[in-house]
Amino acid sequence: MVDRVYKGAIPEFRIRLEAIRKDFASIPSRTDWNRLRVEPLLQHVRSLEEVLRSKRHAVQVSRLTRGVSMFHSDLVYLRLNVKELERAFEREKRAYGRRR
(Lines give C-alpha, C1' and ligand atoms only; values in the text may rest on other atoms or scores of the structure.)
Protein backbone atom coordinates (compact mmCIF):
# COMPACT_ATOMS: atom_id res chain seq x y z
CA MET A 1 0.00 0.00 0.00
CA VAL A 2 2.63 2.53 1.05
CA ASP A 3 4.79 1.60 -1.92
CA ARG A 4 1.93 2.35 -4.34
CA VAL A 5 1.17 5.70 -2.69
CA TYR A 6 4.87 6.52 -2.67
CA LYS A 7 5.29 5.66 -6.36
CA GLY A 8 2.34 7.88 -7.23
CA ALA A 9 3.30 10.82 -5.04
CA ILE A 10 6.94 11.19 -6.09
CA PRO A 11 6.16 12.08 -9.76
CA GLU A 12 3.44 14.45 -8.55
CA PHE A 13 5.99 16.28 -6.39
CA ARG A 14 8.32 16.57 -9.38
CA ILE A 15 5.56 18.12 -11.48
CA ARG A 16 4.64 20.58 -8.72
CA LEU A 17 8.29 21.53 -8.15
CA GLU A 18 8.80 22.14 -11.87
CA ALA A 19 5.74 24.43 -11.84
CA ILE A 20 7.07 26.27 -8.78
CA ARG A 21 10.43 26.70 -10.53
CA LYS A 22 8.67 28.34 -13.49
CA ASP A 23 6.62 30.53 -11.16
CA PHE A 24 9.69 31.82 -9.34
CA ALA A 25 11.45 32.43 -12.65
CA SER A 26 8.55 34.62 -13.76
CA ILE A 27 9.06 37.26 -11.06
CA PRO A 28 12.15 39.04 -9.80
CA SER A 29 12.89 38.09 -6.22
CA ARG A 30 15.48 39.08 -3.67
CA THR A 31 15.88 35.42 -2.77
CA ASP A 32 16.86 32.89 -5.43
CA TRP A 33 14.40 30.24 -4.31
CA ASN A 34 15.09 28.11 -7.37
CA ARG A 35 18.75 27.74 -6.54
CA LEU A 36 18.25 27.67 -2.79
CA ARG A 37 15.45 25.09 -2.45
CA VAL A 38 13.68 24.12 -5.68
CA GLU A 39 16.66 22.68 -7.57
CA PRO A 40 17.95 20.60 -4.60
CA LEU A 41 14.45 19.22 -4.02
CA LEU A 42 14.05 18.43 -7.72
CA GLN A 43 17.36 16.56 -7.68
CA HIS A 44 16.19 14.57 -4.66
CA VAL A 45 12.85 13.73 -6.29
CA ARG A 46 14.55 12.72 -9.56
CA SER A 47 16.93 10.42 -7.71
CA LEU A 48 13.99 8.82 -5.90
CA GLU A 49 12.18 8.35 -9.22
CA GLU A 50 15.30 6.76 -10.69
CA VAL A 51 15.48 4.30 -7.82
CA LEU A 52 11.78 3.49 -8.12
CA ARG A 53 12.16 2.73 -11.85
CA SER A 54 15.25 0.59 -11.42
CA LYS A 55 15.11 -3.19 -11.71
CA ARG A 56 16.95 -3.47 -8.44
CA HIS A 57 14.10 -1.71 -6.63
CA ALA A 58 11.56 -4.18 -8.03
CA VAL A 59 13.58 -7.06 -6.63
CA GLN A 60 13.89 -5.48 -3.19
CA VAL A 61 10.31 -4.26 -2.71
CA SER A 62 9.57 -6.87 -0.07
CA ARG A 63 12.56 -5.71 1.96
CA LEU A 64 11.59 -2.06 1.53
CA THR A 65 8.14 -2.55 2.98
CA ARG A 66 9.87 -2.93 6.34
CA GLY A 67 11.05 0.66 5.91
CA VAL A 68 7.55 2.16 5.85
CA SER A 69 8.61 4.97 8.17
CA MET A 70 11.30 5.95 5.66
CA PHE A 71 8.74 6.10 2.83
CA HIS A 72 6.48 8.18 5.05
CA SER A 73 9.28 10.55 6.05
CA ASP A 74 10.14 11.21 2.37
CA LEU A 75 6.53 12.07 1.63
CA VAL A 76 6.17 14.32 4.68
CA TYR A 77 9.46 16.09 3.88
CA LEU A 78 8.50 16.74 0.27
CA ARG A 79 4.90 17.70 1.06
CA LEU A 80 6.03 20.26 3.66
CA ASN A 81 8.72 21.74 1.43
CA VAL A 82 6.43 22.07 -1.59
CA LYS A 83 3.73 23.66 0.55
CA GLU A 84 6.18 26.19 2.02
CA LEU A 85 7.63 26.99 -1.40
CA GLU A 86 4.14 27.69 -2.69
CA ARG A 87 3.59 30.03 0.26
CA ALA A 88 6.94 31.71 -0.38
CA PHE A 89 5.96 32.26 -4.01
CA GLU A 90 2.69 33.89 -2.98
CA ARG A 91 4.56 36.22 -0.61
CA GLU A 92 7.12 37.08 -3.30
CA LYS A 93 4.37 37.68 -5.85
CA ARG A 94 2.56 40.06 -3.49
CA ALA A 95 5.82 41.87 -2.69
CA TYR A 96 6.62 42.18 -6.40
CA GLY A 97 3.17 43.65 -7.02
CA ARG A 98 3.78 46.29 -4.36
CA ARG A 99 7.23 47.18 -5.77
CA ARG A 100 5.88 47.74 -9.28
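Let me start with Val-82, which counts as buried because its relative accessibility is 1%; buried means under 20% relative accessible area, exposed over 50%, and partly exposed in between, with a 1.4 Å probe and protein chains only. This is a predicted model, where local features need pLDDT of at least 70, side-chain atom pairs count only at pLDDT 80 or more, and totals for chains, interfaces and linings use all residues. Residues are numbered from 1 along each chain as its sequence is written, and side-chain values use heavy atoms, with hydrogens and water left out.

Val-82 sits in helix α4, residues 68-99. Helices here are DSSP runs of H or I, at least four residues, numbered from the N terminus. Setting aside neighbours within four places in sequence, Val-82 contacts Phe-13, Arg-16, Leu-17 and Ile-20, where contact means heavy atoms within 4.5 Å.

Now the aromatic rings. What do Phe-24, Trp-33 and Phe-89 form? They form one aromatic cluster. Rings of Phe, Tyr and Trp (its six-membered ring) pair if their centres lie within 6.5 Å; planes under 30 degrees apart are stacked, over 60 edge-to-face, and the rest tilted. By this rule there are two aromatic pairs. One of them, Phe-24 with Phe-89, is edge-to-face, at 5.4 Å centre to centre and 90° between the planes. Phe-24 lies in helix α1 and Phe-89 in helix α4, so this pair ties together parts 65 residues apart in sequence. Both Phe-24 and Phe-89 are buried.

Definitions and conventions
Helices (H or I, at least four residues) and strands (E, at least two) are DSSP runs, numbered from the N terminus.
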